[in-house]
Amino acid sequence: MTAITLDGVATASAVKNELKARIDALKAKGITPGLGTLLVGSDPGSLSYVAGKHRDCAEVGIESIRVDLPETATADEVRAAIVGLNENPAVTGYIIQLPLPAGLDENAMLELMDPDKDADGLHPTNLGRLVLGVSGPLDSPLPCTPAGIVEMLERYDVPISGKHVVVIGRGLTVGRPLGLLLTRKGLDATVTLTHSRTVDLASYVRQADIVVAAVGVAGLVQPDWLKPGAAVLDVGITRVVNPETGKAKLVGDVDPASADVAGYLSPVPGGVGPMTRAMLLVNVVDAAERLA
Ligand SMILES: Nc1nc(=O)c2c([nH]1)NC[C@@H]1CN(c3ccc(C(=O)N[C@@H](CCC(=O)O)C(=O)O)cc3)C=[N+]21
């Protein structure tokens, strides 16, 4: 078998095209959606993702406001930048690019955000609404990567209801919120949330109809771990620098040979990453529509 590619670039492009009409309608009412980003430090991955988010905004007609602070920024300086974004009327939604440099308390910074401007769905109020089952377009933002994964599965008609999803990774931005989202009424998956201390990980993955790998361990998931026909979403991104050319290559958590066993496979790059970015734009437009 050769897996159908879950094409994140094409799917994100469809999502973005659908947003354009909503953005035009907002502008006609005098509201311009604006995405703010707060980046602290100069991690190459983070710099590349933030640049991508600003390119996406330009493509669909969303304003973008970029705040960059040096690696050495103090907690007070970061707090002041967050308050500035909360108060800036041009910013209808923003993100704090994670991870923050060591020594800065991420949870405290996320909590300082105005939950109505939280474009990532990571403020405690919005995570609480995710648990309560009241988040979504009309109410409050969903975390972008979980929302992007569900959007991609739905657009490829991969059945979710009643299916067994094995999530590898329990992080704040992907694994933990994804388990909460997929088990909600309406999606109705059965979720096993595994992580680095799970004993015999492969034995869980073998039972999965859908596998989501989000740990950042290059090539972890092996073809012989998969149930034939399973849908496999690769969220891991490891940057491997070729010592001869100095060029970075992106490697996912799933061994590419898994395409011989899986029914669907999202590649790295070009899979879940672009969907994450598209859902961020959706969150910014949703938030601007709540203002309208
Ligand atoms: N507050 C916060 N929200 C996030 O959503 C968030 C974050 N912090 N910190 C880091 C992770 C990672 N992340 C990615 C987004 C897009 C790509 C993406 O577009 N990747 C392209 C390749 C990009 C490249 O070439 O570097 C792809 O997979 O095709 C990757 C990773 C969002 N994150």
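Residues are numbered from 1 along each chain as its sequence is written. In this predicted model, local features need pLDDT of at least 70 and side-chain atom pairs count only at pLDDT 80 or more, while totals for chains, interfaces and linings use all residues.

**Exercise 1.** Find which residues come nearest to the ligand.

Solution. Start with the rule: a residue is near a molecule if its C-beta atom, placed from the backbone, lies within 6 Å of it. Around the ligand there are 19 residues. Ser-48, Leu-98, Pro-269, Gly-273 and Thr-276 come nearest.

**Exercise 2.** Work out where the ligand lies and what supplies its shell.

Solution. First, take the elements. Helices (H or I, at least four residues) and strands (E, at least two) are DSSP runs, numbered from the N terminus. At least two shell residues each come from helix H2 (44-60), strand S4 (93-96) and helix H9 (272-291). H9 gives the most, with four. Next, take the domains, whose bounds come from an automatic or database domain assignment. Domain 1 (19-132) and domain 2 (144-273) both give residues to the shell, so the ligand lies between them.

**Exercise 3.** Describe the chain as a whole.

Solution. Count the elements: the chain has nine helices and 11 strands. Then take the extent: the C-alpha trace spans about 50 × 45 × 35 Å along its principal axes. Finally, check burial. A residue is buried if 20 or more other C-beta atoms, placed from the backbone, lie within 10 Å of its own. Of the 292 residues, 44% are buried.

How values were computed: A residue is buried if 20 or more other C-beta atoms lie within 10 Å of its own, exposed if 12 or fewer, and partly exposed in between; C-beta atoms are placed from the backbone.
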